Amino acid sequence: MLKTFVTCLAAFNNGHLHGRWVEVTSDPDELRDAIAAVLADSPAPGAEEHFFTDYDTSLNMSVPFGEYESIETLCEFVEAVERCDDEEAFAAAYNVFYGEGLDSVIDRAESCYRADTFRDFAVEQADEFLLPAVPDEVRFYFDYDAYARDLRHDCIVVEGPSGCFIFTN
């Protein structure tokens, strides 16, 4: 789900790119062991420091981590994704609500609505909550497009490859 390219700082400072792609898990000790293996194979004698030069993820999001990200932060991120039932919803929620913390991102991802389009969501909401008591001959005149336009102001909408994710306030 998340990979990072672990690079040996001593080798890099001596003009060599030495490192390898490592799968990040929720266990910090596994990542530390992988980093130690990269440093042990380094062409630079006495290599002790590393940095992360790239990230790759299967999620539809840009990874917000830097070169000197803490091991714990990376593992906590992976653990949060594993705790969430829907990786796509997690990615959408993370892009908007990351400042609220990982628990909040998970809660928002698990409570968001999904639809092919926002208009589909608005039609469903209108049919379910607004129009059940309205007679059919009057319902015919309801402007779903205008309702969708107005409803969008009350929601946060994230477009994804498989539709849109709607977060309500």
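How many bridges join β1 to β3? In this predicted model, seven bridges connect the two strands, which run antiparallel. Strand β1 also pairs with β2: it spans residues 2-8 and is linked to β2 by six bridges, again in an antiparallel arrangement.

Together, the three strands make up an open sheet whose order is β2-β1-β3, with antiparallel pairing. On average, and with direction ignored, neighbouring strands are turned by 30 degrees against each other. In general, the strands of a sheet pair through backbone hydrogen bonds, and the pairing may be parallel or antiparallel.

T4 has V22 as its bridge partner in β2, while its bridge partner in β3 is Y55. A further position is T7, which stands opposite G19 in β2.

Helix α2, comprising residues 28-40, lies across β1, β2 and β3. The direction of helix α2 is at about 170 degrees to that of β2. As for burial, six of the seven residues of β1 have under 20% relative accessible area and thus count as buried. Strand β1 is therefore largely enclosed by the rest of the structure.

Note on methods. Residues are numbered from 1 along each chain as its sequence is written. This is a predicted model: local features need pLDDT of at least 70, side-chain atom pairs count only at pLDDT 80 or more; totals for chains, interfaces and linings use all residues. Side-chain values use heavy atoms; hydrogens and water are left out. Two strands pair if DSSP finds at least two bridges between them. Helices (H or I, at least four residues) and strands (E, at least two) are DSSP runs, numbered from the N terminus. Axes are lines fitted to C-alpha atoms, for helices over the stretch in contact, and angles run from 0 to 180 degrees between N-to-C directions. Contact means heavy atoms within 4.5 Å. Buried means under 20% relative accessible area, exposed over 50%, partly exposed in between (1.4 Å probe, protein chains only).
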